[in-house]
Amino acid sequence: MTFADQLTVARAAATPFVVVLFAIHFAGHNWAATIVFSLAMATDWFDGRIARRSGRTTSLGSLLDPVADKLLVMATLVILIDQDVFPAWMVATIVGRELLISGLRQAAMERGVVIAARDLGKLKTWSQAIAAVGGGLAAAGVWRFDVAWWLLLIAVVMTVVSGLDYARVAPALLRGKPSEA
């Protein structure tokens, strides 16, 4: 397991800590959760950069990286519903898209086709992460909840647009034809 893979595993392993920090009320718990989330998400940038720079990208890393991202971000968005920061319909839209695209990827994989992360998908992930940080900061009292709501709305729009982009290229990919990127 490469160092980049270890960072990916650490990101996934940080998820329960973030959830517990948001869920258990003590002085500064929302700050602590937001900081741990932010540090964990920062590993997403570092692990990819390290893997590409060293030329040591692995199948394990390619598989685990999006799973770790989704696990950390989705868990954080869901727990922020409980904090009354985010409306459930917005988070459900994001979770629904993630499940649908994961299913699409699984169907493609069963046909021997790998659907690589698209640029819109990467932007979508970061918009969701920024919304989660914004939600954590709102829960911590840094700003009003409507700031977090707008950040999440941007993430919802990016999520839907990215999902439509995957849906647009999926038929050709599933037939084994090159995509029209």
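Me: What percentage of the residues in the chain is buried?
Reply: Buried residues, meaning those under 20% relative accessible area with a 1.4 Å probe and protein chains only, make up 42% of the 181 residues. This is a predicted model, in which local features need pLDDT of at least 70 and side-chain atom pairs count only at pLDDT 80 or more, while totals for chains, interfaces and linings use all residues. Residues are numbered from 1 along each chain as its sequence is written, and side-chain values use heavy atoms, with hydrogens and water left out.

Me: Why are H2 and H5 called roughly antiparallel?
Reply: Helix H2 (residues 29-54) and helix H5 (residues 119-139) pack at an angle of about 165 degrees, and angles over 145 degrees count as roughly antiparallel, so that term applies to H2 and H5. Their axes, lines fitted to C-alpha atoms over the stretch in contact, lie 8 Å apart.

Me: Which residues of H2 meet H5?
Reply: With contact meaning heavy atoms within 4.5 Å, Asn-30, Trp-31, Thr-34, Phe-37, Ser-38, Met-41, Asp-44 and Trp-45 in H2 meet residues of H5, including Thr-125, Trp-126 and Ala-129. Among the buried residues of H2 are Asn-30, Thr-34, Phe-37, Met-41 and Asp-44.

Technical notes. Axes fitted to C-alpha atoms, helices over the stretch in contact; angles between N-to-C directions. Helix = DSSP H or I, 4+ residues; strand = E, 2+ residues; numbered from the N terminus. Parallel < 35°, antiparallel > 145°, perpendicular 65-115°, else oblique. Buried < 20%, exposed > 50% of the residue type's maximum accessible area, 1.4 Å probe, protein only.
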